[in-house]
Amino acid sequence: MTASFLTINNVNKKLTLNFSGEFTVYLVTKYHKQIESINLSKIESVSIDFSELELLDTAAAIFINTLQKNLQSKNIQNSLICHKQEIVESLELVKKEKQVAGKIPHTPKQSYLEIIGKVTHKNYMELLYFLSFLGEMFHTHAQSLKSFKDIRFKEIAFEMNESAIKALGIIALTSFLIGLVVAYQSAYQLKLYGANIFIVDMLGISILRELAPLITAIVVAGRSGSAFTAQIGAMKITQELDAMRTMGFDPYAFLVLPRILALMIAMPILIFVSDIMGVLGGMLVANLDLQITPELFLDRFQDVVAAKHFFIGIAKGPFFAFLIATIGIYRGLMVKDDTQSIGFNTTKSVVESIFAVIVCDAIFSIAFTNLKI
Amino acid sequence: MKAIIKVRNVKTIFEHRVVHDGLNLTVNQGEIYGLLGPSGCGKTTLLREMVMLQKFGGGSIEILGYNLENIRQDDAQKLRRQWGVLFQAGALFSSLSIAENIALPLQEYTDLSPKMIDEIVKFKINLVGLKCRDALLYPSQISGGMKKKAALARSLAMDPKLLFLDEPTSGLDPISARDFDALILKLRSLLGLTIVMVSHDLKSIYDTLDRVAIIDNKKIAYEGTLSEVTSVQNEFIQTFFRGV
């Protein structure tokens with residue numbers, strides 16, 4: 001490959017631009033600067049010499065075309081010396097395509113008012129979509145209740161295994177650690193007052209009633225809710241959902257209901273496991289730090305922690321599960337025909353379902369307190 | 001004639017299935033070269049091996065003088081700038097508009113001014129037969145044919161010497177498909193491109209290809225011009241080219 005360069009000769013107001021070697025897209029800016037450094041106002045004619053040029057790519061051809069137009073508009077004569085057929089042809093091509101009218105439009109700037117309006121409208125439409133999703137889901141639900149054998153037990157069992165049974169390990173570990181941490185922190189405070197034994201009351205009520213359901217819900221939202229969104233979103237992008245519809249399989253019956261039912265059935269079980277592990281963690285710290293033996297711990301546990309706390313915690317399960325599954329699936333169905341939207345909707349699904357779970361928990365808290373349960 | 005691509009004795013094995021068992025082919029400069037064969041014979045796999053998306057099991061592939069087997073990182077990068085690849089479904093970046101998709105390699109690899117990039121993008125858009133007013137649309141907003149054209153424009157952005165096309169006319173209506181063929185021929189003569197394509201479209205095969213390689217049963221069943229292809233005794237070739 002020969003070296004590529006541009007030689008500029010300026011004799012008697014006549015400018016010669018001598019291109020040699022290859023003129024490609026990488027050299028356009030360099031040559032442009034070289035040519036710009038000449039004061040064109042004193043030049044009468046320019047001759048572009050391509051006789052030593054071997055290759056001219058389209059970017060360079062566009063540059064030459066622009067240069068020629070520029071010279072013409074300044075009333076400077078210009079001529080072209082070129083022997084190679086290909087180079088002439090690419091210049092001709094550029095000239096021809098340039099005559100095609102039209103410009104690449106630029107994205108118009110939006111005013112704040114417009115942005116606020118668009119965002120409001122978008123959120124309003126999302127709310128409507130969510131309501132219509134809920135409506136369609138309950139409709140399918142009602143239909144499937146009409147005939148018992150239409151419920152897809154196999155899918156429900158599969159989803160229970162995928163989204164609940166496989167989550168047992170992480171939920172057990174998280175709950176155990178939370179039980180440990182809560183007990184450890186409160187043990188320090190309780191020791192100050194010599195109220196060691198009250199750790200049982202505290203752990204029993206807080207774990208059974210609040211912590212276990214919440215931790216389980218958060219882990220499930222992060223683990224299974226996001227998986228729902230990604231799975232269904234990917235199916236939407238690959239047109240699998242459309243294919244199902246055309247074959248007469250209702251995606252709500254095949255994909256939505258089994259997931260929601262599976263999670264609603266499995267959640268109480270998960271919370272139960274979480275209860276056990278959380279209390280175990282607390283018991284360990286009570287034994288090591290406060291010298292409360294497991295026998296004493298369990299004895300006291302039976303005396304002071306009413307069964308209603310346990311049942312309230314378990315009863316929250318299906319509600320949380322419903323929120324997590326519906327939001328996860330709804331977000332999956334909201335995925336648009338591009339790859340970014342899967343990530344966006346998965347994030348949203350996790351954030352929204354955790355938020356919904358906490359709001360739901362707060363409502364339960366207020367309701368139960370007022371009902372004196 | 002200079003050989004641009006040399007495939008020598010290439011073997012490919014997927015888990016327990018042998019896909020290629022010693023492929024040999026040569027693509028010369030300025031050719032439009034076709035990879036043909038029945039479904040599942042590994043045409044696209046070979047194409048993916050040529051563009052370094054997939055490792056091959058044995059043998060060697062040489063492209064533009066670089067041996068792909070033990071190519072250095074910066075040589076690989078140099079090589080990637082000298083070719084363009086058009087994927088079957090376009091594979092446009094969905095977060096970027098058509099114009100941004102085409103401008104991306106120019107922005108990343110050159111020091112051109114935004115105005116100049118705009119000019120080049122406009123030229124490429126016109127060249128492949130798209131309209132300037134479509135330039136701001138996103139890949140999810142355009143039809144399959146437009147996606148293909150936009151993807152072709154993107155693969156041409158850097159004026160490559162070598163172009164790989166994976167089923168360029170599949171999914172296009174016959175008129176667009178013929179336009180596409182004409183476009184490929186025009187680009188070859190204008191830009192001196194060497195083109196390697198996988199295709200099933202008989203019309204396009206006869207209109208555009210100079211030479212073909214037919215992969216069947218893990219081997220190259222035939223390599224050469226189309227005029228002699230029917231003389232080969234091979235079931236796929238006889239069925240595929242019968243009635244032409």
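Of the 373 residues of chain A in this predicted model, 32% count as buried, a residue being buried if 20 or more other C-beta atoms, placed from the backbone, lie within 10 Å of its own. Local features need pLDDT of at least 70 and side-chain atom pairs count only at pLDDT 80 or more, whereas totals for chains, interfaces and linings use all residues. Residues are numbered from 1 along each chain as its sequence is written, and chains are lettered from A in the order in which they are written.

The secondary structure of chain A comprises 12 helices and 4 strands, taken as DSSP runs of H or I with at least four residues and of E with at least two, respectively. The radius of gyration of chain A, taken over C-alpha atoms, is 36 Å, well over the 21 Å that the globule rule (2.2 Å times the number of residues to the power 0.38) gives for 373 residues, so chain A is more spread out than a compact globule. The domain assignment, which is automatic or from a database, places domain 1 of chain A at 5–99 and domain 2 at 160–370, and their C-alpha centres lie 70 Å apart.

Towards chain B, 27 residues of chain A are in contact with 27 residues of chain B, contact requiring C-beta atoms, placed from the backbone, within 7 Å. Helices α1 (28–36), α2 (58–73) and α3 (85–99) of chain A each supply at least two residues of the side that touches chain B, and α3(A) gives the most to that side, with 6 residues.

Note on methods. Contact = placed C-beta atoms within 7 Å. Buried ≥ 20, exposed ≤ 12 C-beta atoms within 10 Å, placed from the backbone.
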